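This report describes the aromatic rings of one structure and the charged groups placed over them.

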Amino acid sequence: MTFFLDLLPRPPALLAFGEPTHGESAFLQLRNDAFATLVRHGYRSIAVESDRVAGLVADEFVRGSSAVPLRRALTEGFSHDFGALPANRDLLLWMREWNAARPASEHVTFHGFDAPLEISGAPSPRRYLIDVCEFLDQDRSAEIDGLVGDETRWSAPAAVWEPGRSVGRSTDAQRLRVIADDLLTELYLQAARRTRGWRAALVRATAAVAVLRYHAAAAAPLAQEERVSRLLAVRGELMAENLLSIHAAEAHRGPTLVFAHNRHLQRQPSTMTMADLDLSWHSAGAIVGSLLGDRYAVIVGSMGASPALGIGAPAPSTYEGRLHRDDLLPRYVRAGEVPAAEQRTHDHRYFSLDQATVAHADVVLHVPTGTGPAMLAERILTLPGVEQLVADAGHGAPQDAWGDRFFYVGPERRQPFATIVERDVPGFDESSELDRPGVFRLNLDVGRAEFERLFGFPPGEFEQHRHELDFARLDVVVPHPGYARHGFASIVMPGPQSLPEIDRLLAVAHARAVDRHDRAARRAADRPD
């Protein structure tokens, strides 16, 4: 794959890496690969589309804190349920491992850059204000609690969608904004003698201001289309403010990779139709790009098919169709080299490329297809003589195995050379954490010689190395957690960039199966009737 930094006109301070949809793991897996590469080229931080305050917890884990185990980092360290995405687990683990093996000057940091809100709702500022007060040794909880009142009057959806129900421009909200500003002032006044924890307190104070701004926008007496566009614009401004703050804190250590939906990162104005409202606003990318100029670069994501989302291949006349290649490998292309084409038919699950998106980007990352059990099964079935068995009750399979796929050479089905499984087997095979949403595993009978070439030890020594392995990590070939001693390897959710290696290992496993079948056939032919 072309090294994407070589496609940029100049090295950026903020490199934005966009995905065209949420829910297709291929983009997060490619992001992880890209970040690992960038860190080796001097990048020292990543900022993702997630609440910045929550990101403080994830960063504690990355820094090696024993007080934050992985499960807490994933549940509390991300907003929007993004901690449940398996690739985010892998990102945090990789960052923690990198930091553990290197001096402080080379450590990497994790940031969220979103405000603690969604378009459909925002919390009260209470907990952020209280946290800052505790840092400053000020007791203003009674005053803050009295002004906030019932938390649900802030968090209820009606507080955003019905301006008359919003508290954002009430006397209480105005007073809370003054308190938030006072606390920011006091933070800076005490910065010289309260350096430990100061930046985290600043993030929380900024979050309090952010939710108060958002509630004020929600209360604006505007027509609904104008008001919702304003809410999107305010969220974009809050994201931009966070990105500029992260850049200011990290610039002396190196550039920052930024990962989010294309719509948050693109330079041109964003548009969207929602509930019959035609919305337009300037996103974080448009704001940051205008302020940083060529120090901000944008890679926009493009997708062909997504088995995970049920999205089929694009028409050849579309941008995505023209970027497609038969080898199915992701590739980076200079945006200026992408020919003009038609826009893909609208699909609410995917924001397609259009002329403006391409024209204002630096690079396009096109992923022809995500991977999934059915897609990999089709690939395996193109091998000669292969038959598939899908386990169900009719085959006597236990319910935990229903839907698992087994691939054989020959109708005798003596031994599968490959399997695709989507569930844990309690008490036997739980190491890969296959019960996570959308997770599956490809298992391959590679044999003793290939097993030792892959892992550096023979199958018989697997148990001595089990503790060294993370069987739940995505897109990494590891010994099978249950059948390694029989020469099986496995890979959880292989990404499209891994298809050449998957094809090579499939060829090894298939050849072994063909050989077994041929030997069995010869023995049967030699056996007297």
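## Basis and terms

A residue is called buried under 20% relative accessible area, exposed over 50% and partly exposed in between (1.4 Å probe, protein chains only). The model is predicted: local features need pLDDT of at least 70, side-chain atom pairs count only at pLDDT 80 or more, and totals for chains, interfaces and linings use all residues. Residues are numbered from 1 along each chain as its sequence is written, and side-chain values use heavy atoms, with hydrogens and water left out.

## Aromatic pairs

Rings of Phe, Tyr and Trp (its six-membered ring) pair if their centres lie within 6.5 Å; planes under 30 degrees apart count as stacked, over 60 as edge-to-face and the rest as tilted. Phe 3 is partly exposed at 23% relative accessibility, whereas Phe 4 is buried at 4%. Ring pairs also bring Tyr 332 into a cluster with Phe 3 and Phe 4.

## A pair within helix H4

Trp 94 and Trp 98 are both in helix H4 (residues 86–100), four residues apart, about one turn of the helix. Helices are DSSP runs (H or I, at least four residues), numbered from the N terminus. Trp 98 is buried, its relative accessible area being 8%.

## Charges over rings

A charge sits over a ring if NZ of Lys or CZ of Arg is within 6 Å of the ring centre and within 35 degrees of the ring normal. The charged end of Arg 31 is placed over the ring of Phe 259, 4.9 Å from its centre. Arg 96 lies over the face of Phe 61, with 4.4 Å to the ring centre.

Methods: Helix = DSSP H or I, 4+ residues; strand = E, 2+ residues; numbered from the N terminus.
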